[in-house]
Amino acid sequence: MNEHADEKNVENVPDRKRRGCLGCLGRGAIGLLIILAFAMAAGAIYQAAVSASDMKKYSPSGKLYDIGDYKLHLTCTGEGSPTVILEAGAGSPGLVWGSVQGEVEKFTRVCSYDRAGFGYSESAKGSLSPQQVASDLNDLLEEANVPGPYIMVGHSAGGVYVQAYTSEHPSNVVGIVLVDSSHEGENLRLPPEWVKLNNTQNTMIAVCRAISPFGLMRLAHMFDAAIADVAIDPQVGAAYLATTYQTRFCRESAREIEALAVTSNQPDIPGSLADMPLIVLTADTSQAQIEAQIPPYLKSTVGPEVVAKIFQVNREMQQSLVNLSSRDMQVMVPNNGHFIQLERPDVVIDAIREVMAQVRGN
């Protein structure tokens, strides 16, 4: 009888060992989850505290105006008419126009603002389509008592927004400056390889949305490179980063990219500015500079022939923007990146002066 009991005990040893190992693993997993939970909580507290501190340190230069469901931040300086309205590109706050606004205010009234969800403006609940952006801007200018007429200045996606505003409120606009503007229907023109490259930003934004609430984007200084290579006042650059590292930034960027993708994938919207004064500023980017923007992991799919096609299509799209008006002018800005207003604010200021002179009949 004892022999049978001993045999049974021996047979149960491996089972007890396995159960013991599984118990250790379970306790280890629980421990890791607890550590992770504490780390996430600490990261969230850090992100919230530093974000609040940033907003106090880099306070808004203008005022918040209630346009109904949310408030938008607007900064107007100078005196005179027509008023210049500065529209930033996707994901950018109005303060990227600082160098331009500081000079334009010397000869007329000029306003920059933050679209819903960016900079110091509150987030919107609905769509961020170009038509909604145009509606928000109109409500903002009315609420802030900034009467027309306006000269609209739009950078990148801001060019799409100012065209949407002009289409909705043609009697308010007397001139336009497009600064390396985006183009409606551009995804239908560009090679699919380049569209795929642009789509990688969706994955990046998704990652950003996941980790930014825990301060990881801030700790890794992920957005610092955005202003590292452009000439920008250090204080303005710090304020720019303060708004960009806010938790909501990636969420709002994703919403804006999604709305702009609809426009980029639609056929060109027919339109004409008749004889309205128009200046198109185009970054004179070489094929070599375009190729340098391609990540290494896509080099095998985006070869020289694709780069050549991108170069050609970009030039064609910029020319089609020039053709919107019979009183047009295109200025090629050599050796310059996409952010002309940061790298060469003098070129943007001169263009605004020229349109102003045409409007005033000087």
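These notebook entries record what I looked up in a predicted model of one protein.

**Entry 1. Overall make-up**

I began with the whole chain. The protein has 14 helices and 8 strands. Of its 362 residues, 44% count as buried.

**Entry 2. Nonpolar cores**

Which residues touch the most other members of the largest nonpolar core? I found Met-152, Tyr-165 and Ile-176, in a core of 36 residues. Leaving aside neighbours within four places in sequence, its contacts include Tyr-165 and Ile-176, together with Leu-137, Val-162 and Ile-85. I also noted a second, separate core of 35 residues, which includes Trp-97, Val-153, Val-348 and Ile-352.

**Entry 3. Helices H3 and H4**

I turned next to helix H3, residues 130-143, and helix H4, residues 157-168. Their axes lie 8 Å apart and meet at an angle of about 70°. Because angles of 65 to 115 degrees count as roughly perpendicular, H3 is roughly perpendicular to H4. The crossing of H3 past H4 is right-handed. On the H3 side, the contact residues include Val-133, Leu-137 and Leu-141, and on the H4 side they include Val-160, Ala-164 and Tyr-165. By class, I recorded 9 nonpolar, 2 polar and 1 charged residues in this contact.

**Entry 4. Backbone details**

Most residues other than glycine have a negative phi, and most peptide bonds are trans. I looked for departures from this pattern.

- A cis peptide bond joins Ser-81 and Pro-82, with omega about 0°; Pro-82 sits in the loop between strands E2 and E3.
- The bond from Gly-148 to Pro-149 is cis, with omega near 5°; Pro-149 sits in the loop between H3 and E5.
- Asn-145 has a positive phi, near 55°, and lies in the loop between H3 and E5. With a relative accessible area of 58%, Asn-145 is exposed.
- Ser-156 has a positive phi, near 55°, and lies in the loop between E5 and H4. With a relative accessible area of 12%, Ser-156 is buried.

How values were computed
Residues numbered from 1 in each chain as written. Predicted model: local features only at pLDDT ≥ 70, side-chain atom pairs only at ≥ 80, totals over all residues. Heavy atoms only, no water. Axes fitted to C-alpha atoms, helices over the stretch in contact; angles between N-to-C directions. Helix = DSSP H or I, 4+ residues; strand = E, 2+ residues; numbered from the N terminus. Parallel < 35°, antiparallel > 145°, perpendicular 65-115°, else oblique. Left-handed = near helix turned anticlockwise from the far one by under 90°. Contact = heavy atoms within 4.5 Å. Nonpolar A, V, L, I, M, F, W, Y, C, P; charged D, E, K, R; others polar. Core = buried A, V, L, I, M, F, W, Y, C linked by side-chain atoms within 4.5 Å. Buried < 20%, exposed > 50% of the residue type's maximum accessible area, 1.4 Å probe, protein only.
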